[in-house]
Amino acid sequence: GTGIDTDYFNVHPYPEDNPVTFLLIARLIWDKGVEEFVEAARQIKSEFSNVRFQLLGFLDVSNRTAISRQQMQIWVGQGLIKYLGETDDVRPYIADVECVVLPSYREGLPRTLLEAASMGRPIIAADVTGCREVVDHGVNGYLCKAKDASDLSEKMKDMIKLSIDERREMGLRGRKKIKKNFD
């Protein structure tokens, strides 16, 4: 019964001139894999200079596992990620990136992955229930081990090494899956 409006989350042209940009959209709590995302960014930036990492989501979550503003400022100050704040409309943010990432420890059926795939973006997610229902490994994205920044980094490197056309095709396969199963 879970699905999204694929007309609202329609395909946008794939970015052609951006450096590869990875976007994590989530409530900013540790269980969403934020720490692994940032550590993967650190690992990749040591090898690839022209890759960007963005976080989008509510920062002041009243949750015992919330990411603090101070921690976010440290990561931003280190040049590891760009914090985009929060929004009621994720579409412009998804349209502007090459890949959406969700290294969450556990999920139901993650709307952010459905939305990103519907918009024609490849996705990388933790190999956990919910995420694996959306990601077909090697088809519309990659699955990584949960709580494993090094494995996430490897999957991101796999995405970076694809050509623009290969990433675009991977995203379009995701769109097809969402239209068929989650519209």
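1. Helix 4 and helix 6 touch through L114, A117 and S118 on the helix 4 side and G171, G174, R175 and I178 on the helix 6 side; contact means heavy atoms within 4.5 Å. These residues split into 3 nonpolar, 3 polar and 1 charged, with Gly counted as polar, Ala, Leu and Ile among the nonpolar ones, and Arg among the charged. The two axes come within 7 Å and cross at roughly 115 degrees. Axes here are lines fitted to C-alpha atoms, for helices over the stretch in contact, with angles from 0 to 180 degrees between N-to-C directions.

2. A word on the source: this is a predicted model, where local features need pLDDT of at least 70 and side-chain atom pairs count only at pLDDT 80 or more, while totals for chains, interfaces and linings use all residues. Residues are numbered from 1 along each chain as its sequence is written, and side-chain values use heavy atoms, leaving out hydrogens and water.

3. Now the sheet: it is open, has 6 strands in the order 3-2-1-4-5-6, and pairs in parallel. Strand 3 (82–83) and strand 6 (141–144) sit at the edges with a single partner strand each, so one side of each has no neighbour in the sheet. Helices (H or I, at least four residues) and strands (E, at least two) are DSSP runs numbered from the N terminus, and two strands pair if DSSP finds at least two bridges between them.

4. Strand 4 (residues 99–102) and strand 5 (residues 123–126) are joined by 3 bridges in the parallel sense, and V101 stands opposite I124 in strand 5. Helix 4 (residues 111–118) lies across both of these and strand 1 (20–25), at about 160 degrees to strand 5.

5. Have a look at E107, in the loop between strand 4 and helix 4. E107 is buried, at a relative accessible area of 19%; buried means under 20%, exposed over 50%, partly exposed in between (1.4 Å probe, protein chains only). Its side chain makes a polar contact of 2.7 Å with the side chain of K32, and another, also 2.7 Å, with that of S104. A polar contact is a pair of N or O atoms within 3.5 Å; within protein, one must be able to donate a hydrogen and the other to accept it, and residues adjacent in sequence count only if both atoms are side-chain atoms.

6. Helix 1 (residues 34–45) has V34, E36, F37, V38, A40, A41 and I44 as its buried residues. Their cover includes strand 1, strand 2 (51–56), helix 2 (69–77), strand 4 and helix 5.
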